[in-house]
Amino acid sequence: MDRDGESTPRVVRAFVEAVPTPAIACDPETHAVRAANGPAVALLGQDRGTLTLMGLTDLGEADETVDGESVTAAVEAAVDREGVTEFEWETGGERGRRRLSLSLHTTTIGDERWLIVGLTDVTDRITAEEELRSQLRVVDAVASTVPSALFQCTAEGTLARWNDRLAADAERGGEELSGTDLTALFDGETRGAVAGALRRVYRDREPADCEATLLTRSGERVPYRLALGPIVDGDEVVGAIGVGEDRTEASLREERLAVLTRVLRHNFRNDLNVVTGFTERAIDAVEDPELATELERVVDTAERLLRVGETSRRVERLLSDRPAPQSIDLADAVDEALRSLPPELREGADVEVDVPEGITVSAIGYLAEAIAELVDNAIRHSDADRPRVEITAAELPSESWASLVVADDGPGIPPAERSVLTGEETPLEHASGLGLWYVNWIVTAGGGGFDIGDSKAGGTRIEMELRTPNGG
């Protein structure tokens, strides 16, 4: 059969035109194009007359398929083979360089054999795949560079990808890690914490973290910290991404620091108690009023340093606990704070409370301690015969925040101590500001804000802005 475009049977042209996707009909012996439908004309960027003067192998720029096979050989094989032959090919034309997928099969139309070729433009798919591969190369480069273990889990919680650091920490190779349940890498005591973190990621679509003990292949138990986050596709969580950190050195350092802190605090307290005791005895023994006044200042200073030591203990506890925010009734927190004050301190001042019932805030469980710290400071540092402290609260107009204000009529907070909170100086340079830091840490740990100003009575006004549960 050797027909030109004009002598191609009408039934063949009608057959090709009936195909909704790009298609052409070729002479199975010469591979010449004899008919093309509209979608094929648009795809190839050639009119029908031009196409019917071309051979199938003239449509592309390369002599080989994408897989490196001769295009001519691939077409001839399709003619001789039953079924469909497929290959991808780079083509040119008015639309520029494109990647086409060809599906070839021979069929009988009008008592004659024809080679029917279906054409699909896969350029966008290839471009997307190349972009994805490029992104994966970047991700792999980052994963191999960072000092932490990085990994990806499937929706079932099994490992799909990981970097060399995770493999080294677990002392396991790729074959052992592939498809392994993440929780299986940890010991029985902490495996539940890992499973719980994964459940939060998959169920709540929120990041989660936990402390666990990694079991190496050799049986070593490694303290590990995991941070996990969801991978979301549309409305579905399809996996999780995670970061793991070997906490061996950090845990050892924290343990040693904790021991050092306890020893220092014990000695600090005992020695200051000795200083206070001997000084008070000296006050009773001296007759010089000026000297007695100076000795009383020594006692006051020692007691202030003792309170700093106690505050440092509470700060250490707060930093080690890392508590999560919870719903707290503001009125109950204020009552708890006032009950915790030393009776002699509370009875020597006028504390007015205006905190409406029913205000609930989202804060960590140490909120009452923060309020007590502020009231304690206001009373102790006041130069009035009977200090006056006001505690007020209100829900802010945004309905997502509440405000708690502690105001006094004292001399105000010295600029040096205020600067501790602005970052201009450090708590070590002004240790008396440690209590303010403690309050600030408690408030910010719950997502709140902290502000220092002047009260109407001339003293200090400290405002804590606290999130409400419906404020997120």
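**Strand pairing in a predicted model**

Q: What is the order of the strands in the open sheet of 5 strands with antiparallel pairing?
A: In this predicted model, local features need pLDDT of at least 70 and side-chain atom pairs count only at pLDDT 80 or more, while totals for chains, interfaces and linings use all residues. Residues are numbered from 1 along each chain as its sequence is written, and side-chain values use heavy atoms, with hydrogens and water left out. Strands (E, at least two residues) and helices (H or I, at least four) are DSSP runs numbered from the N terminus, and two strands pair if DSSP finds at least two bridges between them. The order is β2-β1-β5-β4-β3.

Q: Which are the edge strands of this sheet?
A: An edge strand here pairs on one side only. The two are β2 (33-36) and β3 (85-91).

Q: Which residue in β5 stands opposite isoleucine 24?
A: Strand β1 (residues 23-26) and strand β5 (residues 112-121) run antiparallel, joined by 4 bridges. Opposite isoleucine 24 stands valine 117.

Q: Which residue in β17 is the bridge partner of alanine 402?
A: Strand β15 pairs with strand β17 (residues 460-467) in the antiparallel sense over 7 bridges. In β15, alanine 402 is also the bridge partner of glutamate 395. Its partner in β17 is leucine 466.

Q: Why is strand β15 (residues 401-408) largely enclosed by the rest of the structure?
A: Buried means under 20% relative accessible area, exposed over 50%, and partly exposed in between (1.4 Å probe, protein chains only). Strand β15 is largely enclosed because, of its 8 residues, the number buried is 7.
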